[in-house]
Amino acid sequence: MHVASMHFVRRAHDKLGDAGLQKNLGTFKTRFVGARARAITELDDFEGTREAAREIRQRALDNLDTYLEMFEKNATANGATVLWAETPADVNRLVLAIAAKHSVRKIIKSKSMVSEESALDHAIEAAGLSVVETDLGEYILQINDYEAPSHIVGPALHKSKEEVSDLFAKRHGTARKTDIGELCMEARQVLRQHYLSADMGVSGGNFFVAETGSVVLVTNEGNATLTTTLPRVHVAISGIEKIVPTMEDVATLMRLLARSATGQSISNYVDILTGVRGAGEFHGAGHMYFILVDAGRTGVLDSDLRAALRCIRCGACMNHCPVYQNIGGHAYGWVYPGPIGSVLTPMYVGLENALPLPHASTLCNQCGVVCPVKIPLPDLLRTLREKQVERGLRPWSERAGFRLWSWVAQRPALYALGTKIAARALRWMGGADGYIRKLPLAEGWTSGRDMRAPPGKTFRELYAQSKRN
Amino acid sequence: MRVGLFVTCLVDLMRPSIGFAAIKLLEQGGCEVYVPATQTCCGQPGYNSGDRAAAKGLALKVLDEFEDCDYLVAPSGSCSGTIKTHYPDLLADEPGLADRLARLTAKTYELTDFLVSVLKLGAVPGTFQGTVTYHDSCSSLREMGVKQQPRELLAMMPGVRVAEMAECETCCGFGGTFSVKFGEISSRLADNKCRNVEESGAEVLALGDLGCMLNIEGRLHRRGNSTVRVMHVAEVLAGIERA
């Protein structure tokens, strides 16, 4: 996907002024935050489960080579083919090669954020094949001229029901429906034809299970079940970090995934797909492929940001992020928005191509608190800020400012003099009512806020006075 | 016991009354309050902006200045949080500091936590009468575990009624340099906070961090709200507003 993360400030500005989006975001926030809060109380020991989940994901990453080989061996033994994609372009090349090998004309897809990284749908269409997204959110975006997803779980949650009504009427040529149930039924009827006529199904992979060579898929619409079992060929695409050692481990993670994501105890559908359809078996594709994608992940694995790869893509960090809640996902400018996106995007597309993102957080740590695998997101954002400084990617004025501040603050006499002058200057700037309306070098502050002026003497001065008296 | 007061750079410059309020409360609890004259800043601005070098010298300075105290107490979750939870990372590669640092972080407290957990204060001198709502600052709440402490202290004031606002644990949008780099987003978050404060019906918004204070107060004023007073919880508890 095209990277627009450098335009974060301008895009956020547009989103803050978009009344329709603001209304949709308000609904989203109330629903997801409240639902998760209720759902986690169902577990007797939520924090203990969270710690167990963290440990599982960390163990998988610390031994990733071993588990990947184990997965490849077991998946191959079940009749599947395991392929490796080093770059996003490799993902597209491999999918098209598989399609060519099996004379595929039409592809259906269940949700895969990894395929968004490489803009797979565009590559498929460019190759003259057709592709249909079957996740309702992704389908809505596809028929809206491939609008970008704004959330990793609910890709179209920036849209209102009314917008979807208009879109369906326009694209399907049907009477405009306003009832959600009717809209879903209309999508279902359209998609059903595609399931039946597709040659190949492409899915993501919530987990790849090393001990069994299985892929686990979590959906609410059952679209992954149809996508992976009706067509002749199934291709599951996911990042190499999605490996989980055992099915027992999956059970632990599943206790947290839907609860953290949508506040459900479990998703409506959970598919566990192991190998091709065997003799006498009724379900499953005849040909099964796994594409395990690197595309920057080994770089993260080898860095001090490894914890970010524990992510199980529940979206809780963005659901609870006050910044995301107010601007939505599009402002972030790439596949993964919110706190985890602000960590992954710079690592996957290049630090210099996403400079605002690590700073686009107040470090309030609500994301870290709700993350089911305990990714210390604020620490990772800070680490990325450090990398920007180390690589000279910050403006010289900012660096000079911090250096000067630090230099003065280590010289107490000079500091006392500086603050003495500043206290008086600020007092003067506050004027009659004691509020500053314009601050040089801090227009970002005064564009939306005033600042109450200080009383004119520093604590240091007043305290010294009080000691003399 | 000898308690070192880390005044914080923002209290020193912007709201000295909070420093005096903290002293009054600590003395009420029987402490000998020591205010190192050379103290300046904990280094958080540089640390959070990725400039470790700019932060390190200041961290070492705080360590030197407060080593001799029984406790380090700050009227800020954000500054005490930096010292307690981030200095070990910031100074990790400084040789021979581990023990000294462990002693410092173990004795570092946010003010209201110290008043409740260590001093076990039974009464406060403030006499304010009216409705107060409390904003939980991110670092107080999520780094320093401060939640009930300020509320317990406010409950000791017979004239005070605490009216909890919606989303009292949600960030006000300050975020240090975030508030200037992303002024528009920051103002929106502050605006949401102001709305919740106003809807609580409180006359006073009490809080425990200067960043949030300047941010919310500044936004309230820009919104034209001149009725809600924004006070540090120490000012309310000590009955000191301006010095």
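Biologist: How many helices and strands make up the secondary structure of chain A?
Modeller: Happy to start there, with the reminder that this is a predicted model. Along its principal axes, the C-alpha trace of chain A spans about 95 × 55 × 45 Å. The secondary structure of that chain comes to 22 helices and 12 strands.

Biologist: Among contacts in chain A between residues at least 6 apart in sequence, what share joins residues at least 24 apart?
Modeller: A contact here needs heavy atoms within 4.5 Å. Among the contacts you describe, the share that joins residues at least 24 apart is 74%.

Biologist: Now for the partner chain: how much area do chain A and chain B bury between them?
Modeller: The contact draws 65 residues from chain A and 65 residues from chain B. In chain A, the residues that lose the most area to chain B are A:Arg449, A:Arg452 and A:Phe459, together 15% of what that side buries. Carbon and sulfur atoms hold 59% of the area buried between the two chains, and the total is about 5,600 Å².

Biologist: Which helix of chain A gives the largest share of the side that touches chain B?
Modeller: Polar links first: the count between chain A and chain B is 31 residue pairs in polar contact, both residues being at pLDDT 80 or more. On the chain A side, 7 residues come from one helix, and this is the largest share. That helix covers residues 396–409 and is helix 19.

Biologist: How many salt bridges are counted between chain A and chain B?
Modeller: Side chains of opposite charge can pair when their charged atoms come close. One such meeting joins the side chains of A:Glu386 and B:Arg52, at 2.8 Å from N to O. Over all chains the structure holds 48 salt bridges. Between chain A and chain B, the count is 7.

Biologist: Which residue forms a salt bridge with A:Arg10?
Modeller: Helix 1 of chain A, residues 8–16, holds both partners, and they are separated by about one helical turn because they sit 4 residues apart. The closest N and O atoms are 3.9 Å apart.

Biologist: How many residues apart in sequence are the parts tied together by B:Arg223 and B:Asp191?
Modeller: Their side chains meet in a salt bridge at 2.8 Å, N to O. B:Arg223 is partly exposed, with a relative accessible area of 30%, while B:Asp191 is buried at 15%. B:Arg223 lies in the loop between helix 12 and strand 8 of chain B and B:Asp191 in helix 11, so the pair ties together parts whose separation in residues is 32.

Definitions and conventions: Residues are numbered from 1 along each chain as its sequence is written. Chains are lettered from A and ligands numbered from 1 in the order in which they are written. This is a predicted model: local features need pLDDT of at least 70, side-chain atom pairs count only at pLDDT 80 or more; totals for chains, interfaces and linings use all residues. Side-chain values use heavy atoms; hydrogens and water are left out. Buried area is the accessible area (1.4 Å probe) that two parts lose on being put together, summed over both. A salt bridge is a side-chain nitrogen of Lys or Arg within 4 Å of a carboxyl oxygen of Asp or Glu. A polar contact is a pair of N or O atoms within 3.5 Å; within protein, one must be able to donate a hydrogen and the other to accept it, and residues adjacent in sequence count only if both atoms are side-chain atoms. Helices (H or I, at least four residues) and strands (E, at least two) are DSSP runs, numbered from the N terminus. Buried means under 20% relative accessible area, exposed over 50%, partly exposed in between (1.4 Å probe, protein chains only).
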